[in-house]
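Biologist: Hello! Could you walk me through this model?

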Amino acid sequence: MTAEASLRQHDAVVTRLRHFLDALASAAPDEQSGERLRHDLARWTEDLRRYAVPESRRYYGRSPTLASAGQATTPWYVVDEATPPERLAGRASFGTFFLGGRGAAHGGTIPLLFDELFGWLANSEGMPPSRTAYLTTNYRAVVGIGRPLTFTAWTDRVEGRKRFLRAELRDGDTVCAEADALFVTLRPGQP
Ligand SMILES: CCCCCCCCCCCCCCCC(=O)SCCNC(=O)CCNC(=O)[C@H](O)C(C)(C)COP(=O)(O)OP(=O)(O)OC[C@H]1O[C@@H](n2cnc3c(N)ncnc32)[C@H](O)[C@@H]1OP(=O)(O)O
């Protein structure tokens, strides 16, 4: 299989998994269905273990051209405009899997999205790797499950090894959340 075909296959499986997680989070299956599900999941888990590869060869979370970088465990997002390391802009949506309560996204999943966006902004191609030192989120309005959202993330300033980043998440004209973060470039030998 070509690398391109493998990437397409990964994207299709992750999309399916995302729908599965949303369905699982919404469902209360009967005993028989629950048992069948447990059995099927166990079988697929064993099957996939045979195909384990080192981190550098994985698609999951490492595929910037795919939605959510090829992950089902972050809120869905796509980058529409990218001028790294200056700016990223795109669309996002939180499925039922990310529900906190009363129709709103879980508070911990919003910084997850921001950390993801900042990670790509601060670790674009050719840049030395960096890690989040802090990430502060201000929750301005609830993020509704299933709502079409937009985001912008940008580099505010750079001071030596320190990259100060900012982002906002909007539902139409409403700013739902804002974040600021410090990413620190790693020194040689730092994990
Ligand atoms: C490696 C990447 C692979 C990439 C692969 C490709 C995939 C790309 C997509 C990735 C998408 C998701 C990527 C998400 C990115 C994470 O989520 S990374 C995981 C979460 N973060 C961590 O685990 C970090 C844990 N902490 C650390 O490792 C270390 O504390 C740090 C952040 C590297 C800094 O340690 P250090 O290098 O010893 O820093 P140090 O010399 O003490 O400080 C440097 C400067 O930063 C300041 N500073 C440090 N920490 C702080 C702080 N918390 N508050 C304020 N100032 C601070 C210091 O005061 C100092 O300032 P100056 O004196 O120079 O003015």
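Biologist: Where is Ala-69 found?

Modeller: First, a word on the source: this is a predicted model, in which local features need pLDDT of at least 70, side-chain atom pairs count only at pLDDT 80 or more, and totals for chains, interfaces and linings use all residues. Residues are numbered from 1 along each chain as its sequence is written. Helices (H or I, at least four residues) and strands (E, at least two) are DSSP runs, numbered from the N terminus. In those terms, Ala-69 sits in the loop between H2 and S1.

Biologist: Is Ala-69 buried or exposed, and why?

Modeller: A residue is buried if 20 or more other C-beta atoms lie within 10 Å of its own, exposed if 12 or fewer, and partly exposed in between, with C-beta atoms placed from the backbone. Ala-69 has 20 other C-beta atoms within 10 Å, so Ala-69 is buried.

Biologist: What is the phi of Ser-68, a residue in the loop between H2 and S1?

Modeller: Ser-68 is buried, because 23 other C-beta atoms lie within 10 Å. Its phi is positive although Ser-68 is a residue other than glycine, and the value is near 50°.

Biologist: Which peptide bond is cis, with omega near 5°?

Modeller: Look at the loop between strand S1 (76–83) and strand S2 (87–93), where Pro-85 lies. The cis bond runs from Pro-84 to Pro-85.

Biologist: Which residues come nearest the ligand?

Modeller: A residue is near a molecule or strand if its C-beta atom, placed from the backbone, lies within 6 Å of it. Helix H3 (109–122), strand S5 (130–139) and strand S8 (174–185) each supply at least two residues of the shell. Of the 19 residues around the ligand, the nearest are Gly-119, Asn-123, Pro-129, Arg-131 and Ala-133.
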